[in-house]
Amino acid sequence: MENYSFEQFWKDLDDGYQIYFDYMDMRYLIYKMKANCYKKELISSKEKCPQQKNEIITLKSVKDLFEFMENFEYRSLIED
């Protein structure tokens, strides 16, 4: 996703999407809980993994992480 900017990613989170992504060979889910409050969940990992399974992070943390994210997958929290 060469043309996918952080601004678009942020808008997608703001619009209610759950976004799955890969980071350091692990799969995560991230979604917005409320203003400047995002939840990052570890979905799959290696057998021994020191990463937190659930983490509440700020927009600044999301922005710092964005450039290392890969393989995005979207799910909507809002049912049609």
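K60 is exposed, with a relative accessible area of 58%, where exposed denotes over 50% relative accessible area, buried under 20%, and partly exposed the range in between (1.4 Å probe, protein chains only). The model described here is predicted, so that local features require pLDDT of at least 70 and side-chain atom pairs count only at pLDDT 80 or more, whereas totals for chains, interfaces and linings use all residues. Residues are numbered from 1 along each chain as its sequence is written, and side-chain values use heavy atoms, with hydrogens and water left out.

K60 forms a salt bridge with D64, the closest N and O atoms being 3.2 Å apart; a salt bridge is defined as a side-chain nitrogen of Lys or Arg within 4 Å of a carboxyl oxygen of Asp or Glu. D64, at 45% relative accessibility, counts as partly exposed. Both residues of the pair, K60 and D64, belong to helix α2 (residues 59–66) and lie four residues apart, about one turn of the helix. Helices (H or I, at least four residues) and strands (E, at least two) are DSSP runs, numbered from the N terminus. An α-helix has 3.6 residues a turn, so residues three or four places apart point the same way.

The strands form an open sheet of five members in the order β4-β3-β2-β1-β5, with antiparallel pairing; two strands are taken to pair if DSSP finds at least two bridges between them. β4 (54–57) and β5 (70–76) stand at the edges, each with a single partner strand, so one side of each is left without a neighbour in the sheet. On average, and with direction ignored, neighbouring strands of this sheet are turned by 25 degrees against each other.

I19 stands opposite I30 in β2, and the bridge partner of I30 in β3 is K40. The hairpin of β1 and β2 has two residues between the strands, and M24 takes a positive phi near 55 degrees there. Strand β2 (residues 26–34) pairs with strand β3 (residues 37–44) in the antiparallel sense over seven bridges. The bridge partner of Y31 in β3 is K39. In the hairpin of β2 and β3, also with two residues between the strands, N36 has a positive phi near 55 degrees.

In helix α1, the buried residues are F6, F9, D12 and L13. They cover an arc of only 120 degrees around the axis, which puts them on the same side of α1; the arc is that of the directions from the helix axis to the C-beta atoms. The elements covering these buried residues include β1 (17–23), β2, β3, α2 and β5, contact being defined as heavy atoms within 4.5 Å. α1 is followed by G16, whose phi is positive, near 100 degrees.

The salt bridges number eight in total. Among them, K32 pairs with D14, with the closest N and O atoms 2.3 Å apart. K32 lies in strand β2 and D14 in helix α1 (residues 6–14), so the pair ties together parts that are 18 residues apart in sequence. Both counts of accessibility are intermediate: K32 is partly exposed at 24%, and D14 is partly exposed at 46%. A further salt bridge joins K39 and E41, the closest N and O atoms being 4.0 Å apart, and both of these residues are buried.

R27 is located in strand β2 and is buried, with a relative accessible area of 15%. The side chains of R27 and E73 are joined by a polar contact of 3.1 Å. A polar contact is a pair of N or O atoms within 3.5 Å; within protein, one must be able to donate a hydrogen and the other to accept it, and residues adjacent in sequence count only if both atoms are side-chain atoms. Apart from its neighbours within four places in sequence, R27 is in contact with residues including Y20, F21, D22, E41, L42 and E73. The C-alpha atoms of R27 and Q52, which are 25 residues apart along the chain, are separated by 12 Å.

How values were computed. Axes are lines fitted to C-alpha atoms, for helices over the stretch in contact, and angles run from 0 to 180 degrees between N-to-C directions.
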